[in-house]
Amino acid sequence: MSSPNQTNTNSLPFLLTGIPGLEDLHIWFSIPFCFMYIMTLLGNTMILLAVRLDKSLHEPMYYFISMLAVIDLIFSTAVVPKLLGVFWLGSREIVSEACFIQMFFIHTSTAVESGVLLAMSFDRYIAICNPLRYSTILTSSRTTQIGLLSLARGAAVMTPLMCLLTSLPYCESRVIPHSYCEHMAVVKLACADPSVSDLYSIIVATLLVGTDSVFITLSYGMILRSVLRLPSQEARLKALSTCGSHICIILLFYIGGLLSMYLQMFSFGLAPHVQVLVADFYLTVPPMLNPFIYGLKVKQIRRGIFRLLEKLAGLVFSHAYKGRRDAQRQLRRFSLNTFKKLNVLPAVRGPKLNTVLKVQPHQHRMHRENGYEHSGYVLAMSIEVRQQKKCLP
């Protein structure tokens with residue numbers, strides 16, 4: 001028979017601590033996390049719009065960059081809104097289903113991003129080592145298939161882990177010493193032996209990340225060998241410059257991920273709040289920096305963003321000009337009808353007259369009519385009658 005503290009508690013919510021030991025500073029910590037989340041949304045959305053609207057960016061390399069932007073949006077949105085709720089509102093409760101869904105999105109996004117980075121290294125290898133066959137090897141449909149394969153692989157390896165975690169019984173003490181549902185922190189709350197899920201997670205992380213990193217290293221090894229064979233130094237620098245942004249993102253992703261994972265598994269004598277902050281920054285800093293790295297390093301992306309901003313600015317000004325022009329037309333039409341009703345426009349016989357109506361808005365004034373006050377612009381209207389030389393018969 002199960003012990004009293006192991007009875008049916010899986011329906012109870014978990015409680016997120018935030019940053020252990022620094023609860024009084026949650027408001028101050030929320031400022032950089034909120035700023036990073038806003039910059040993540042703006043930067044990655046700008047990348048997606050630039051690639052979508054600029055036809056010159058409809059190439060495999062930029063499709064992979066768009067996939068990375070979508071992953072970063074999902075990655076940060078799965079964590080930061082709840083994290084800010086804990087920091088700002090003290091909303092510590094999270095239902096068990098939502099906790100495991102959040103964990104699933106975090107781990108699946110990590111696995112998918114690793115697959116996309118591997119695909120991007122393959123893209124650079126083909127572009128540099130076999131450029132004549134680039135358009136035939138990496139077509140748009142094949143690029144889409146690679147992205148879907150990365151998504152299917154990530155979801156396939158993470159679904160069994162979620163099944164193992166949800167099948168574990170959890171004790172009544174359901175306080176997670178973290179600001180989100182981190183895998184290691186949740187497993188420690190299990191009342192049963194979690195060795196099976198721990199073993200599975202270690203095997204998956206080793207095979208997935210290890211295999212991808214090995215193939216990425218091999219790809220760049222062959223790229224470097226091909227680049228060193230180029231005759232001129234200018235050609236070498238140009239070839240390496242196309243890989244610079246990708247290498248920066250790879251280092252940021254893998255080094256940050258390994259550091260966060262090992263600090264969660266082995267404390268190394270560090271304070272709990274240091275482990276939590278490292279994990280939180282790993283989930284928020286790379287998604288914010290990725291669009292800026294591509295925007296600064298990749299000239300085509302930078303030009304696409306500038307063209308997008310020019311289109312948006314032109315659209316705003318054109319709407320403003322159109323609205324002003326329509327308002328002037330309506331005002332002239334209204335004033336002309338008013339003159340006709342008042343029989344002010346002369347009926348002329350003899351010399352042909354050209355009637356010019358001038359409408360000039362003047363200062364804002366209050367006036368009273370039928371006992372009610374009205375506010376509006378006083379219009380000064382004048383009619384100029386210009387006589388032409390040619391006369392009517």
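Me: Is D212 buried or exposed?
Reply: This is a predicted model, in which local features need pLDDT of at least 70, side-chain atom pairs count only at pLDDT 80 or more, and totals for chains, interfaces and linings use all residues. Residues are numbered from 1 along each chain as its sequence is written, and side-chain values use heavy atoms, with hydrogens and water left out. Buried stands for under 20% relative accessible area, exposed for over 50%, and partly exposed for what lies in between (1.4 Å probe, protein chains only). The relative accessibility of D212 is 1%, so this residue counts as buried.

Me: Which residue meets D212 in a salt bridge?
Reply: A salt bridge requires a side-chain nitrogen of Lys or Arg within 4 Å of a carboxyl oxygen of Asp or Glu. For D212, the N to O distance is 2.8 Å, and the partner is R153.

Me: How many residues apart are D212 and R153?
Reply: Helices (H or I, at least four residues) and strands (E, at least two) are DSSP runs, numbered from the N terminus. R153 is partly exposed, because its relative accessibility is 26%. The salt bridge between the two side chains has an N to O distance of 2.8 Å. This pair links distant parts of the chain, with D212 in helix α8 (residues 195-228) and R153 in helix α6 (residues 140-167), and the separation is 59 residues.

Me: How far apart are the closest N and O atoms of R124 and D123?
Reply: A search of the whole structure finds two salt bridges. In the pair R124 and D123, R124 counts as buried because its relative accessibility is 9%, and D123 counts as buried because its value is 2%. The closest N and O atoms of this salt bridge are separated by 2.9 Å.

Me: What fraction of the residues of the protein chain count as buried?
Reply: The protein chain has 11 helices and five strands. Contact means heavy atoms within 4.5 Å; among contacts between residues at least 6 apart in sequence, 75% join residues at least 24 apart. Of the 393 residues, the fraction that count as buried is 37%.

Me: What is the distance between the C-alpha atoms of F33 and T284?
Reply: F33 lies in helix α1 and counts as buried because its relative accessibility is 0%. Leaving aside neighbours within four places in sequence, F33 is in contact with residues including V80, L83, L84, F87 and T284. F33 and T284 are 251 residues apart along the chain, yet their C-alpha atoms are separated by 7.2 Å.

Me: Which residue has its backbone oxygen 2.7 Å from a polar atom of the T40 side chain?
Reply: T40 is in helix α1, and it counts as buried because its relative accessibility is 1%. Residues up to four places away aside, T40 touches T45, D72, L73, S76, T284, P287 and M288. The backbone oxygen that lies 2.7 Å from a polar atom of the T40 side chain belongs to M36.

Me: Is S260 buried or exposed?
Reply: S260 is found in helix α9 (residues 233-265). Not counting residues up to four places away in sequence, S260 touches V278, A279 and Y282. Its relative accessibility is 6%, so S260 counts as buried.

Me: Which element gives the most to the nonpolar patch?
Reply: A patch is made of residues with over 30% relative accessible area and no salt bridge, like charges being joined within 9 Å and nonpolar side chains (Val, Leu, Ile, Met, Phe, Trp, Tyr) within 5 Å. Here L25, I27, W28, I31, W88 and L89 form a nonpolar patch on the surface, with about 710 Å² of accessible area together. The elements that give two or more residues to this patch are α1 (26-53) and α3 (80-89). With three residues, the element that gives the most is α1.

Me: What is the relative accessibility of L89?
Reply: L89 lies in helix α3. L89 counts as exposed because its relative accessibility is 73%.

Me: Which residue in β3 stands opposite L15?
Reply: Two strands pair if DSSP finds at least two bridges between them. An open sheet of three strands has the order β2-β1-β3, with mixed pairing; its edge strands, β2 (93-94) and β3 (175-176), each pair on one side only. Strand β1 (residues 14-16) runs parallel to β3 and is joined to it by two bridges. The residue in β3 that stands opposite L15 is V175.

Methods:
Areas by Shrake-Rupley, 256 points an atom, 1.4 Å probe, with all protein chains shown as cover. Polar contact = N/O pair within 3.5 Å; in protein donor to acceptor, adjacent residues only side chain to side chain.
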